[in-house]
Amino acid sequence: MQWETVIGLEIHTQLATQSKIFSGASIAFGASPNTQACAIDLGLPGVLPVLNAEAVRLAVRFGKAIGAEVAPRSVFARKNYFYPDLPKGYQISQYELPIVGEGRVEIVLGDGAVKSIGVTRAHLEEDAGKSLHEENLAGGGYTGIDLNRAGTPLLEIVSEPDMRTPQEAVAYARKIHQLVRWIGISDGNMQEGSFRVDANVSVRPLGQTRFGTRTEIKNLNSFRFIERAIQFEVERQIDVIEGGGTIVQETRLYDPERDETRPMRSKEEANDYRYFPDPDLLPVEIDVAFIVDAVADLPELPDSMRERFHTQYGLGEYDASLLTAGRELAQYFEAVVQATAEPKLAANWVNGELAAALNRSEIEIARSPVSAAMLAGLIHRIQDGTVSGKLAKQVFEAMWSGEGDADSVIQARGLRQITDSGELEAMIAAIVAANPGQVEQYRAGKDKVFGFFVGQVMKESKGKANPQQVNEILMRVLASD
Amino acid sequence: MSLDASDIEKIAHLARLEIALESIARYAADLSNILDLVAQMDAVDTTGVEPMAHPLHMSQRLRPDRVSERNQRELFQAIAPLTEDGLYLVPKVID
């Protein structure tokens, strides 16, 4: 039977504030345990949470960036459950009236096809603390609790079940990751837990409209794990159903070492969170002025920039999507284009040599040793014929390792293309004279020998001869006599 | 609406409350009465009335994003039953 996979993602992204969502404690990463957990975060009696204006502003920015309606009135609710890293016995979240309503984002697939994915809602909530399951705390048998993270502002972004393959799910997660960084609402640091993904996965026979029973895979913290966890889960579900079993709706964890998902061990009954409006917090009312202010400095968004790169510069969708993967990269590319007026050449270099070098060195574009001005300088020298495309790669490598800008590298390494035709004519005449056997073969109709001569000229000139000029002169010389 | 003993046990468990077996019937009756009162209010025509999220007819005040709290770990942990290396310790939980 043919199966169809249905995937929806819930993404928790940490908002880039200074202080917590309901208290004045710092959210700086890496502090000593419990030094950033104040009375409000600890849920001590008699405290009152007060909402952080910046968290609201950042949520509004996200809402506007996905074309969603920002709710003029939203309400905080208590989500009740017991766990040691949740000191109050409830998490303050939003339920019936979230701050951000329905929106959409576009993903670009490997073949350049564009797919629109629905965002159901996004709501503000506080993070829980951290449980450290270390051996030997107080001699063993204990779990350590660090509440520094408790109360950190999160925006939970809930998608529609619009994705059909693990690759689409990853493309969507990357899209949201790109967007939250682009508009400056989160650092998106996955190692530090600032961007965590839960995946809802189900399968159904192809053509069936009703959804199958879904499972939820919790806390995926890398794009690779998202893809592998979903891939495993899809295969597991199909095996279960084809073996005559049924899927149980449950929460599962992905184990990267074994590359499998398994049910969470807690025997807790089906979640019953008993949400109700939090009496400590009044409804949040957002007026037009607040929204206008929140989005006043919103930059051009990645989707519209991608579309512009496509139409204005004639780039393919896929190239354009690579160039708009991050805001700094897109700015770098545009700086090169502005200096050279060569968008296609610029795109090839940025997505090719530059991207490869950044990958190899594992650094971000902002720390690239080759600046946009330097790459533009190199492209100028390709345009005016000073260096061939092949030698330009050498120049790039040299710039990357700190040998200066394109002109100084070309000068210092003597990479200037030979454009003096007299010099080239003499070189070619000598090579032809030195290889009478090959000349004989060529004249006898063995065209392939032409390549031998081109190779000899390139070798002799150390790659600095202009290939087009070499062809012309060779043709002429070999045809004469 | 009437709650039976198993409802009461479930509610008590969700709230992590221990209740004596002999008081379950009384809780069931009391809570059912409260729900009956709610059902009575349900009969009122509320067309056009915006549901209330809070008894005060005001909106939430926002706080400027500033770090105003200092580290008071020693003070807070003085009342904790068990701590080590700055961590609060609880009986082992596994997920």
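**Strands, sheets and contacts**

A: Start where two chains meet: β9(A) pairs antiparallel with strand β3 (residues 87–91) of chain B over four bridges. Within that pairing, Y142(A) has P91(B) in β3(B) as its bridge partner. Strands are DSSP runs of E, at least two residues, and helices are runs of H or I, at least four residues, both numbered from the N terminus. Two strands pair if DSSP finds at least two bridges between them. The model is predicted: local features need pLDDT of at least 70, side-chain atom pairs count only at pLDDT 80 or more, and totals for chains, interfaces and linings use all residues. Residues are numbered from 1 along each chain as its sequence is written, while chains are lettered from A and ligands numbered from 1 in the order in which they are written.

Q: How many residues of chain A are in contact with chain B?

A: Two residues are in contact if their C-beta atoms, placed from the backbone, lie within 7 Å. Here 45 residues of chain A are in contact with 33 residues of chain B. On chain A, β2 (51–52), α2 (53–65), β8 (130–132), β9 (142–146) and β16 (284–285) each supply at least two residues of the touching side. The largest share, five residues, comes from β9(A). The side of chain A that touches chain B has 23 nonpolar, 16 polar and six charged residues. Ala, Val, Leu, Ile, Met, Phe, Trp, Tyr, Cys and Pro count as nonpolar, Asp, Glu, Lys and Arg as charged, and the others, Gly among them, as polar.

Q: In what order do the eight strands of the open sheet in chain A stand?

A: Strands of a sheet pair through backbone hydrogen bonds, either parallel or antiparallel. In chain A the order is β6-β7-β10-β1-β11-β12-β13-β14, and the pairing is mixed. β6 (103–108) and β14 (260–263) of chain A stand at the edges with a single partner strand each, so one side of each has no neighbour in the sheet. The twist averages 30 degrees from one strand to the next. Axes are lines fitted to C-alpha atoms, for helices over the stretch in contact, and angles run from 0 to 180 degrees between N-to-C directions.

Q: Which strand is joined to β1 of chain A by eleven bridges?

A: β1 (residues 3–14) runs antiparallel to β11 (residues 195–205), both of chain A. There, W3(A) has P205(A) as its bridge partner. β11(A) also pairs antiparallel with β12 (residues 215–220) of chain A, over four bridges.

Q: Which strands does α2(A) lie across?

A: α2(A) lies across β6, β7 and β10 of chain A, at about 165 degrees to β7(A).

Q: Which residues touch the most other members of the largest nonpolar core?

A: In soluble globular proteins, nonpolar side chains tend to be buried together. A nonpolar core is a set of buried Ala, Val, Leu, Ile, Met, Phe, Trp, Tyr and Cys residues joined through C-beta atoms within 7 Å. A residue is buried if 20 or more other C-beta atoms lie within 10 Å of its own, exposed if 12 or fewer, and partly exposed in between, with C-beta atoms placed from the backbone. The largest core has 81 residues, and A59(A), F62(A), A169(A), A199(A) and I226(A) touch the most other members. Helix α3 (residues 166–182) of chain A gives the largest share, nine residues.
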